[in-house]
Amino acid sequence: MGYRFTDLTTACHDDWRAYIEHDFVRQLGNATLPEASFRHYLKQDYLFLIHFARAYALAAYKSPTLADLRQAHEGLKTIVDVELGLHVGFCSEWGISEEALAELQEARATMAYTRYVLDTGNRGDLLDLHVALAPCLVGYGEIANWLNAQSTTLRGTHNPFDAWIAMYESEEFQAAMQAELEWLDARLADVTPARFNELSKIFRDATRLEIDFWQMGLDLSD
């Protein structure tokens with residue numbers, strides 16, 4: 001039996017749970033998150049999405065097979081043609097104009113995680129890059145599912161952040177998360193213990209940087 005994605009989360013259990021169950025997430029779920037914190041997060045997440053698109057462009061360059069190249073192309077196309085537009089619309093609903101988004105300065109937490117992902121992808125191979133991105137793509141889907149399992153989570157009109165939960169619990173996002181898990185599981189199955197330890201470090205570092213991203217929102221830090 002080879003390794004699976006769950007082995008990564010087990011190896012980094014405390015950091016993974018601290019990310020999934022962060023105070024930002026809990027407050028978002030029970031509708032106590034300050035709206036200023038959510039707006040700050042939304043702005044920085046827009047910048048993150050742009051770098052996420054760049055990471056998929058890097059994934060295309062790193063792709064060893066045509067199937068991997070097509071996957072990277074579809075990911076890049078989805079972010080640029082669909083997700084960024086949806087995010088701009090979501091920001092507009094929260095009083096953040098597209099002009100304001102275009103003039104944003106990156107917070108240090110945004111720079112730290114996005115540059116870490118791109119540096120990891122540049123230094124390593126396609127699997128390194130996917131593992132560095134996994135806390136985002138897989139993590140957000142898990143967070144939505146975790147929130148829905150909590151008795152304290154409010155839904156519908158009782159929660160001004162309900163649309164955020166709905167986005168990541170959606171069939172489309174959950175399907176994308178499952179596809180990524182299948183991709184990761186297929187490749188982790190063949191790695192050696194030494195290679196798995198390298199990937200665990202990448203995953204742990206990326207997860208810790210995602211924790212900092214949540215904390216940035218709570219603290220309104222730049």
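Which residue forms a salt bridge with Lys201, and how far apart are the closest N and O atoms? The first point below takes up this pair.

1. Lys201 pairs with Asp205 in a salt bridge (a side-chain nitrogen of Lys or Arg within 4 Å of a carboxyl oxygen of Asp or Glu), and the closest N and O atoms are 3.0 Å apart. Both residues belong to helix H11, 4 residues apart, about one turn of the helix. Helices here are DSSP runs of H or I with at least four residues, numbered from the N terminus. Asp205 is buried, its relative accessible area being 17%. For accessibility, buried means under 20% relative accessible area, exposed over 50%, and partly exposed in between, with a 1.4 Å probe and protein chains only. Elsewhere, salt bridges that share partners join Asp125, Asp128, Arg195 and Glu198 into one network.

2. On the basis of the model: this is a predicted structure, in which local features need pLDDT of at least 70 and side-chain atom pairs count only at pLDDT 80 or more, while totals for chains, interfaces and linings use all residues. Residues are numbered from 1 along each chain as its sequence is written, and side-chain values use heavy atoms, with hydrogens and water left out.

3. The whole structure contains 15 salt bridges. Side chains of opposite charge can pair when their charged atoms come close. One of the salt bridges joins Arg123 to Asp119, with 2.8 Å between the closest N and O atoms. Both partners lie in helix H7, 4 residues apart, about one turn of the helix. Arg123 is exposed at 60% relative accessible area, whereas Asp119 is partly exposed at 37%.

4. A further salt bridge links Glu169 and Arg155, whose closest N and O atoms are 3.0 Å apart. Glu169 lies in helix H9 (residues 162-169) and Arg155 in the loop between H8 and H9, so the pair ties together parts that are 14 residues apart in sequence. Glu169 counts as partly exposed, with 30% relative accessibility, and Arg155 is also partly exposed, with a relative accessible area of 26%.

5. Helix H2 (residues 13-20) has Trp16, Tyr19 and Ile20 as its buried residues. They lie on the same side of H2, because they cover an arc of only 95° around the axis; the arc is that of the directions from the helix axis to the C-beta atoms. The cover over these buried residues includes helix H1 (5-11), helix H3 (23-29), helix H8 (126-148) and helix H11 (193-219).

6. His87 is part of helix H5 (residues 66-93) and is buried, with a relative accessible area of 7%. Apart from neighbours within four places in sequence, His87 is in contact (heavy atoms within 4.5 Å) with Leu42, Asp45, Tyr46 and Leu49.

7. Gln105 sits in the loop between helix H6 (98-102) and H7 and is exposed, with a relative accessible area of 67%. Residues up to four places away in sequence aside, Gln105 touches Gln44 and Leu47. The C-alpha atoms of Gln105 and Gln44 are separated by 8.5 Å, although the two residues are 61 residues apart along the chain.

8. Rolling a probe the size of a water molecule over the atoms shows where empty space is left. On a 1 Å grid over the protein atoms alone, a cavity is a set of points where a 1.4 Å probe fits but cannot get out, and a pocket is an open set with protein on both sides within 12 Å along at least five of seven lines; lining residues have an atom within 4 Å of a point. The largest pocket holds about 720 Å³ of space. Of its 25 lining residues, Thr78, Glu83, Leu137, Phe173 and Ala176 are the closest to its centre. H5 gives the largest share of this lining, 9 residues.

9. The count comes to 1 cavity of 30 Å³ or more. The lining of the largest cavity consists of Phe48, His51, Phe52, Ala55, Thr114, Val117, Leu118 and Leu133.

Technical notes
Helices (H or I, at least four residues) and strands (E, at least two) are DSSP runs, numbered from the N terminus. Grid points are joined across faces, edges and corners, and a volume is the space filled by probe spheres set on the points.
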